[in-house]
Amino acid sequence: MKNNLGSMKKFLSQYPAETKGDMIQSARAQVIVRSAGQKLMPEAEAAFALWRNGEPKVIVQQPILQDHLSRGYYRAGDYDAAIKHGQEAFDLLKGIKAKTVKEKRDREQIYMNLVEALAMSYRKSKNSDKALGVLAEARAESFALPSANLYRKVMDFVEGSGFSEKKLMQKVESYATSDPAPEMKITEWIGQEAASLSDLRGKVVLLDFWATWCGPCIVTFPRLRGWHKKYGGQDFMIVGVTQYYGEQEGKRMSNLQEIEYLRDFKQKHKLPYGFAIASVGEAASKYGIAAYPSTVLLDRNGVVRYIGIGSGIEESENLEDMIKRVLKEDGRIALGPK
């Protein structure tokens with residue numbers, strides 16, 4: 001790595017500071033990343049100043065570079081500098097609109113890095129309120145993307161920091177003006193008429209991402225049956241979202257065989273709500289699902305209002321509180337731009 005850093009610095013030394021061009025900017029970015037990785041913060045800061053004043057400047061790269069700077073300063077013990085770069089990157093990232101699925105997943109990763117460095121820097125600086133604010137905004141952003149992966153990162157950090165999710169919910173209550181949740185490609189419906197998420201607008205919808213081989217998913221079934229009985233009807237519905245795995249219980253299966261298996265599974269566990277079999281990879285790419293069970297609550301406008309991961313009691317209580325709260329809303333909320 002040192003040789004690579006030296007090569008980049010030697011290359012840049014051949015050109016005046018005002019030199020423009022993609023290759024120059026790329027080399028400066030490499031110096032920032034590699035210097036910060038080695039805690040050579042004066043060199044990283046100098047390269048960032050040149051990159052920031054250089055051309056062309058790709059604005060979406062700036063949060064990534066400042067994330068490296070923030071983490072480098074944190075590791076070097078300079079928490080004020082870590083906060084300066086981390087907060088600027090965090091604020092900048094919030095103002096850049098992610099349009100494609102790839103851009104959303106890329107943003108998810110940057111947020112996950114920034115949340116950790118920035119919140120920990122605020123805690124080291126004895127500013128717990130600021131740390132809580134960063135976590136609350138990141139939690140809300142996990143709904144806006146949406147990303148169960150980012151949500152999990154935030155909540156893991158919250159648990160380790162001694163904060164509670166209820167405090168986060170009070171800090172940033174909702175993103176009611178966010179865009180509707182992304183559509184998924186559904187290849188088969190079981191126990192439910194075929195529908196798109198947009199067809200379900202007007203209802204509060206709980207998407208339960210699960211798999212037949214997932215023990216914690218099965219643990220949640222009594223709870224889901226209870227919610228279906230308690231809240232189900234014209235206003236609320238549950239959709240169990242799974243995918244084809246090509247096998248069940250160690251036996252290879254065709255898609256048709258797997259459909260029959262899921263029908264029997266649904267009957268065996270007395271699940272009164274419908275299943276949606278999504279195309280492989282849809283849950284991960286559209287909703288950032290990386291663990292089962294994961295639940296995503298949509299309000300009447302199709303906007304993500306809560307994400308839950310796991311089968312824990314506190315998670316269940318928070319999710320049910322949000323179900324009751326969203327059911328009380330009439331749905332007449334202005335949506336953000338499509």
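Lys and Arg count as positive here and Asp and Glu as negative, with His and the chain ends not counted. The place of a charge is NZ of Lys, CZ of Arg, CG of Asp or CD of Glu. The protein has 50 positive and 42 negative charges, and their mean positions lie 2 Å apart.

This is a predicted model: local features need pLDDT of at least 70, side-chain atom pairs count only at pLDDT 80 or more, and totals for chains, interfaces and linings use all residues. Residues are numbered from 1 along each chain as its sequence is written, and side-chain values use heavy atoms, without hydrogens and water.

Now the overall build. The secondary structure comes to 14 helices and eight strands. These are DSSP runs, numbered from the N terminus: helices are H or I with at least four residues, strands E with at least two. Along the principal axes, the C-alpha atoms fill a box of roughly 70 × 45 × 35 Å. Of the 338 residues, 50% count as buried. Buried means under 20% relative accessible area, exposed over 50%, partly exposed in between (1.4 Å probe, protein chains only).

Next, the surface. Asp156, Glu159, Glu314, Glu317 and Asp321 form a negative patch. Such a patch takes residues with over 30% relative accessible area and no salt bridge, like charges being joined within 9 Å. A salt bridge is a side-chain nitrogen of Lys or Arg within 4 Å of a carboxyl oxygen of Asp or Glu. Helices H8 (148-161) and H14 (313-328) each supply at least two residues of the patch. H14 gives the largest share, three residues. Glu159 sits in H8. Glu159 counts as exposed because its relative accessibility is 65%.

Technical notes: Patches are made of residues with over 30% relative accessible area and no salt bridge: like charges are joined within 9 Å, nonpolar side chains (Val, Leu, Ile, Met, Phe, Trp, Tyr) within 5 Å. Accessible areas come from the Shrake-Rupley method with a 1.4 Å probe; for residues, only the protein chains shown count as cover.
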